[in-house]
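Please open the structure in your viewer and keep the selection panel at hand.

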Amino acid sequence: MITGRTKLLGVLGAPIEHSLSPVLQNAALRAAGLDYVYVALPVKREALRSAVLGLRDAGVCGFNVTIPFKTEIIAVLDALDEDARRIGAVNTVVVGADGRLTGHNTDAAGFLAGFTACGVSLRGAHAVVFGAGGAARAVLCGLLRAGAAQVSIGVRNLVKGEKLCADFAADGGVRAFRFDDAAFRARLGSADVLVQTTPLGMSPHPEEMPPVDWAVVHPAAFVYDLIYTPAETRFLREAARRGHRCVNGETMLAAQGAEAFFLWTGVRPDLVYMRRVLREALDRRA
């Protein structure tokens, strides 16, 4: 029951109707026995600052941030955690008791949870990443933090890829290649992990995929696609057909939400339960 004591959480975006976060977070809050409620909050792009400050002044404990505000919101905040600073985007905001707004990014932690769930270690690994967009920044942050020795980024736009590498050059061995570069093919042959960060293969275009020559991919490579709709993209289907171990983005989505939950409440939610709730919600949507 929602009462005057119930604490408020939410997610800001435009549009926001599609978000599964309210389903995921409210289920986790109920399971943990916490008196909170989590709601979707549509915010006009030009009203971001007033919306955020209004939520703070109304006593909201925290909120998630999604498209198109992950970068724009930084200018409204008082502080950033290290991941948000390195990735250059915020997906979670905590409102302190003093009204201080701190931006966090839980995507890197969520991404790494996919490897943990599958028992895959990244220490000393060579990873190949497809794409150099916003998702790739979180992936690169996570890979280097987890001890990957070398990361090769495959891109269409080499300038964009090289800029991303420059941003993380101090953290480890990172290099960008065009997809059609023979050197990139060679990297595929030695990779322990392949990570697909582009929108290629996402519904409603499930047959799209990055240009990868599976004949040269190391046969023991672990394959990770951040997409979760559909549950099995063409990229993952092709990988599984060739005997590769695979994981999609469902665990990442649930785990980044679980990290935000902990930042707001100080309680670790049941991640297995959150993953089950997410899968049920995706099944209903499908």
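A salt bridge, as the term is used here, is a side-chain nitrogen of Lys or Arg within 4 Å of a carboxyl oxygen of Asp or Glu. The model is predicted, so local features need pLDDT of at least 70 and side-chain atom pairs count only at pLDDT 80 or more, while totals for chains, interfaces and linings use all residues. Residues are numbered from 1 along each chain as its sequence is written, and side-chain values use heavy atoms, with hydrogens and water left out.

**First selection: Arg137 and Asp167**

Select Arg137 and Asp167, whose side chains form a salt bridge with an N to O distance of 2.9 Å. This pair links distant parts of the chain, 30 residues apart: Arg137 belongs to helix α5 (residues 134–145) and Asp167 to helix α6 (residues 158–168). Helices (H or I, at least four residues) and strands (E, at least two) are DSSP runs, numbered from the N terminus. In total, the structure holds 17 salt bridges.

Colour residues 7–105 together with 253–284 as domain 1, and residues 121–244 as domain 2. These bounds come from an automatic or database domain assignment. The domain centres, taken over C-alpha atoms, are 27 Å apart.

Next, display the interface. Here 6 residues of domain 1 are in contact with 10 residues of domain 2, contact meaning heavy atoms within 4.5 Å. About 720 Å² is buried between the domains, and carbon and sulfur atoms give 53% of this area. Buried area is the accessible area (1.4 Å probe) that two parts lose on being put together, summed over both.

On the side of domain 1 that touches domain 2, the elements giving two or more residues are α3 (82–87) and α10 (271–285). Helix α3 gives the most, with 3 residues.

**Third selection: the annotated positions**

Select Glu82, Gly131, Ala132, Gly133, Gly134, Ala135, Leu226 and Gly249, which an unreviewed UniProt entry annotates as "binding site". They do not all gather at one spot, because they span 168 residues in sequence and the farthest two C-alpha atoms are 23.0 Å apart. Glu82 is located in helix α3. UniProt positions are given in the numbering used here, feature names are shortened, and annotations may be inferred rather than shown by experiment.

Then select residues 249–279, where the unreviewed UniProt entry places the feature "domain: SDH C-terminal". This stretch is 81% helix and 0% strand, with its end C-alpha atoms 11 Å apart.

Most peptide bonds are trans. Select Ile67 and Pro68, which are joined by a cis peptide bond with omega near 10°. Pro68 is in the loop between β3 (62–65) and β4 (79–80). Lastly, select Ser203 and Pro204, where the peptide bond is also cis and omega is about 10°. Pro204 occupies the loop between β10 (193–196) and β11 (222–225).
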